[in-house]
Amino acid sequence: MAEESDLEKTEPASSRRIEQAREEGQVPRSREIGAFMILMVSAGAFWFIGPWMMQRTAALVRRGLTLDAQSLSDSQFMMARLTVLSGDALMSFAPLFIALVVAALLSPFLLGSWNFTLKAIEPDFGRLNPMNGLSRIISWSGLAELVKAVAKAMLVGGVAAWVMWSERADIFALFGQSIEVGLLSAGQLINFSFLMIVASMLLIVAIDVPFQLWQYYDNLKMTREEVKQEHKEMEGNPEVRGRIRQLQRDAARKRMMGAVPKADVIVTNPTHFAVALAYKNGMKAPKVLAKGRGAIALKIREIGAANGVPMLEAPPLARALYRHADLDQEIPSGLYAAVAEVLAYVYQLANWRKVGGRFPSPPREIAVPAELVPAEVSYG
């Protein structure tokens, strides 16, 4: 039962899954909202600029049908006249075309699904498979589209019948009007009827948009196994992460060991801890170049001995530096006095190496604040 539940798509789609779907051209779409926007814009355009378009169209027809004998015998004049009339006709309908293009481009934004990807136009011969098309038709999605189409036809047809019935008096009145008045009244009736029928489609859009969003996210649902696999891919395989951390530690340790020869002194515990310190001109306080315990401490001492770095056994100070001083950082202010004693001994030792004389005695009891000295620990 647990294995079956892991294979069922019960988990909501992750942000990565949604992004991958968008890259493949899969975005929530509603044909109804696009059709509604285009028809609504058309109805509004005809309602507001319809009379202006009709006037310009009538004028173009009159100009096109007004000919004289001389113009009929001149083919160049006829071509030039056709070009001018075509340009005027295009300019007359340009506002409507622009409005329709804007509506077609903006309608996907209402679902937040305007997306551009080349994968959607890549050739896919599987789409030509009639069995795949038949499976899409005979499915819950196909059934939903059928129900929606029937409901849309009934709604639009019902609204059209209601508009015609409510405007029946004006329709019958057309028969008693003159041609010019009748055409004007008929145009107004057609515009009003078209606007009301298109407005009725808003109910279809209000139902279709939530359904399309639910269907889109339902199709992108993931199984628990897919969620786990995606989490592993994003977080990284535990073995790989462990290997990366190990490589990072090795690289940091290598850099740390490379800084040991630059140290001025190595404070030891004497064998369990080792801290390499340096103090150069311009530093506010001594800086920790390397520190470690156990095998790392032994390696620090070996590198220091090979490069002639002075060493001083000061167990409390070594433990305090190891616990409270960070790598590549200055030592805590509470250890300034103790480290100053160590550096004084180092300078005396360097001077002895240059000029000779009496060998300097290393400091015996270096005072370290009790709160900075960690408790003794086992090193086994």
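The lining of the second largest pocket splits into ten nonpolar residues, six polar ones and no charged ones (Gly counts as polar; Asp, Glu, Lys and Arg are the charged set). This is a predicted model, so to speak of local features takes pLDDT of at least 70 and side-chain atom pairs count only at pLDDT 80 or more, while totals for chains, interfaces and linings use all residues. Residues are numbered from 1 along each chain as its sequence is written, and side-chain values use heavy atoms, with hydrogens and water left out.

The volume of this second largest pocket comes to about 580 Å³. Of its 16 lining residues, Gly50, Pro51, Met54, Leu184 and Gly187 sit closest to the centre. Two or more lining residues come from each of α3 (31-65) and α9 (179-219), and α3 gives the most, with nine. Lining residues have an atom within 4 Å of a point of the pocket, which is an open set on a 1 Å grid where a 1.4 Å probe fits, with protein on both sides within 12 Å along at least five of seven lines.

Elsewhere, four strands make an open, mixed sheet in the order β5-β4-β3-β6 (strands pair if DSSP finds at least two bridges between them). β5 (287-293) and β6 (311-313) each have a single partner strand, so one side of each lacks a neighbour in the sheet. β3 and β6 run parallel over three bridges, and Thr268 stands opposite Glu313 in β6. α13 packs on this sheet, touching β3, β4, β5 and β6 (contact means heavy atoms within 4.5 Å).

Methods. Points joined across faces, edges and corners; volume = space filled by probe spheres on them. Axes fitted to C-alpha atoms, helices over the stretch in contact; angles between N-to-C directions.
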